[in-house]
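Subject: Structure handover

Hello,

Here is the structure for your set. My notes on what was found follow below it.

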Amino acid sequence: MGFISDSLNRIQPSATIAISNKAMTLKAEGRDVIGLAAGEPDFDTPQNIKDAAIKAIQAGKTKYTAVDGIPELKKAIVDKFKRENGLDYKPSQVTVGTGGKQVLFNALMATVNPGDEVIVPAPYWVSYPDIVMLAGGTPVFVEGKLENGFKLQAADLEKAISPKTKWLILNSPSNPSGAAYSRAELKALTDVLVKHPHVWVLSDDMYEHLVYDDFQFTTPAQVEPALYERTLTMNGVSKSYCMTGWRIGYGAGPEPLIKAMAKLQSQSTSNPSSIAQWAAVEALNGPQGFIGENNTVFKQRRDLVVAMLNQAKGISCPTPEGAFYVYPSCHGCIGKTAPSGNVIRNDEDFVTELLAAEGVAAVHGAAFGMSPFFRISYATATNVLEDACNRIQRFCGNLR
């Protein structure tokens, strides 16, 4: 018998974190490296949110809290869902975790049994299938093709559903592609789900506010009220509020599910940081104007990166609706020889050689379930992005 558990051996470390760590190591060694692997806004947390955290510390709000969130934060979340999504929840239907990843983890660990299937549209966030497998379930991948904007199609969803299906995970806007589903596109999917009452929906709305070009965000339980009783709508303050390090995520759904998730959390992490919770109250209740200001900058960066990548030989980059990622194809570079003399056989080779030759760290598409693509985060300074894209153009131009 091995010492490490079988369940842990089913999963791999996060590819995005691994590549970010590699870039930081190379920087520490003195290499000129531009890291475009991490999904983290470069904007600082707004001052009013930081002030709320300081005020909480000074007021002595530094003790244990309720396992899955203080009442004030749960009320702020209830108000947010009503105000922005037209969804009515009670505080007892709300859970708060240490980041959105814990909310997802709790939901799947609390509900998935061996043999259960979870539909995971590809390209997918790297952690979805691993959490499913850690819970003992089987991820069922359904590819959202490039010609469909990387979005799951209703007919493909219908084919993927089996008697063993327990969840569909839907992420809009998407990490890694930035693709976002319109109301009509979501309605086509929810029409399928209505016919299969045993399938639950885990809607990861983490990038809800990061949409561009007048795109109107909607979420499944809002589009199809019949799914309300079997939908967990998940969100957080990390991306829109520039609070990645504060580690606050939240979700709302049917009370029995929320209670099961709280039971699990009570025996794992217990409550999220009390101080971060009070900061999140201010984030949700306070001024929201900075989000639009940040989005203006993100859109400019998106347009710059898309334009420059499409000028690189062998690269084709679609324009995403949201988030702060692009997911270009490197199909035209496969089979060519890098400056090192190595042949680029796949997208992992592409990003490896790009990092070695030009010091640009990106994430290979296979980590997200689709090749030959790679992911770039444009949540960094515009001049840095321009430099990175110039390097990518040079790298591609030097392939033979």
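Start with Ser-203. This residue sits in strand 6 (residues 200-204). Helices and strands here are DSSP runs, numbered from the N terminus: H or I with at least four residues for helices, E with at least two for strands. The model is predicted, so local features need pLDDT of at least 70 and side-chain atom pairs count only at pLDDT 80 or more, while totals for chains, interfaces and linings use all residues. Residues are numbered from 1 along each chain as its sequence is written, and side-chain values use heavy atoms, with hydrogens and water left out.

**Ser-203 and Thr-219**

Ser-203 has 2% relative accessibility, so it counts as buried. Buried means under 20% relative accessible area, exposed means over 50%, and partly exposed lies in between (1.4 Å probe, protein chains only). Leaving aside neighbours within four places in sequence, Ser-203 is in contact with Leu-170, Thr-219, Pro-220, Leu-232, Thr-233 and Met-234. Contact means heavy atoms within 4.5 Å.

Thr-219 is in the loop between strand 6 and helix 9 (220-223). Its relative accessibility is 0%, so Thr-219 is buried. Not counting residues up to four places away in sequence, Thr-219 touches Asn-85, Leu-87, Leu-186, Ser-203, Asp-205 and Thr-233. Thr-219 and Leu-170 are 49 residues apart in sequence; their C-alpha atoms are 9.5 Å apart in space.

**Helix packing**

Two packed helices are described by the angle between their axes and the distance between the axes. Axes are lines fitted to C-alpha atoms, for helices over the stretch in contact, and angles run from 0 to 180 degrees between N-to-C directions.

Take helix 3 (residues 47-58) and helix 11 (residues 274-285). Their axes come within 8 Å and cross at roughly 140°. Helix 3 and helix 11 are therefore oblique to each other. The classes are: under 35 degrees roughly parallel, over 145 roughly antiparallel, 65 to 115 roughly perpendicular, and the rest oblique. The crossing of helix 3 with helix 11 is right-handed. A crossing is right-handed if the near helix is turned clockwise from the far one by less than a right angle, and left-handed if anticlockwise.

On the helix 3 side, the contact uses Asn-48, Ile-49, Ala-52, Ala-53, Ala-56 and Ile-57. Helix 11 brings Ile-275, Trp-278, Ala-279, Glu-282 and Ala-283. By class, the residues of this contact are nine nonpolar, one polar and one charged. Ala, Val, Leu, Ile, Met, Phe, Trp, Tyr, Cys and Pro count as nonpolar, Asp, Glu, Lys and Arg as charged, and the others, Gly among them, as polar.

Next, helix 13 (residues 347-358) and helix 14 (residues 382-397). Their axes come within 10 Å and cross at roughly 110°. That makes helix 13 roughly perpendicular to helix 14. Phe-350, Glu-353, Leu-354, Ala-357 and Glu-358 in helix 13 meet Arg-391, Ile-392, Arg-394, Phe-395 and Cys-396 in helix 14. This contact has six nonpolar, no polar and four charged residues.

**Aromatic pairs**

There are 18 aromatic pairs in the structure. Rings of Phe, Tyr and Trp (its six-membered ring) pair if their centres lie within 6.5 Å; planes under 30 degrees apart count as stacked, over 60 as edge-to-face and the rest as tilted.

Phe-81 and Tyr-250 have ring centres 5.8 Å apart and planes at 80°, so this pair is edge-to-face. The pair links distant parts of the chain: Phe-81 is in helix 4 (residues 71-85), Tyr-250 in strand 8 (residues 249-252), 169 residues apart. Phe-81 is buried at 1% relative accessibility. Tyr-250 is buried too, at 2%.

For Phe-298 and Phe-324, the ring centres are 5.4 Å apart and the planes at 40°, so the pair is tilted. Phe-298 and Phe-324 are both buried. Ring pairs also link Phe-43, Tyr-207, Phe-298, Phe-324 and Tyr-325 into a cluster.

**Backbone points**

Which peptide bonds are cis? One runs from Ala-122 to Pro-123, with omega near 5°. Pro-123 lies in the loop between strand 3 (117-122) and helix 6 (127-134). Another joins Ser-371 and Pro-372, with omega about -5°. Pro-372 is in the loop between strand 11 (363-364) and strand 12 (374-377).

Asp-214, a residue other than glycine, has a positive phi, near 65°. Asp-214 is exposed, at 73% relative accessibility. Cys-242 also has a positive phi, near 55°. Cys-242 is buried, at 8%.

Best wishes
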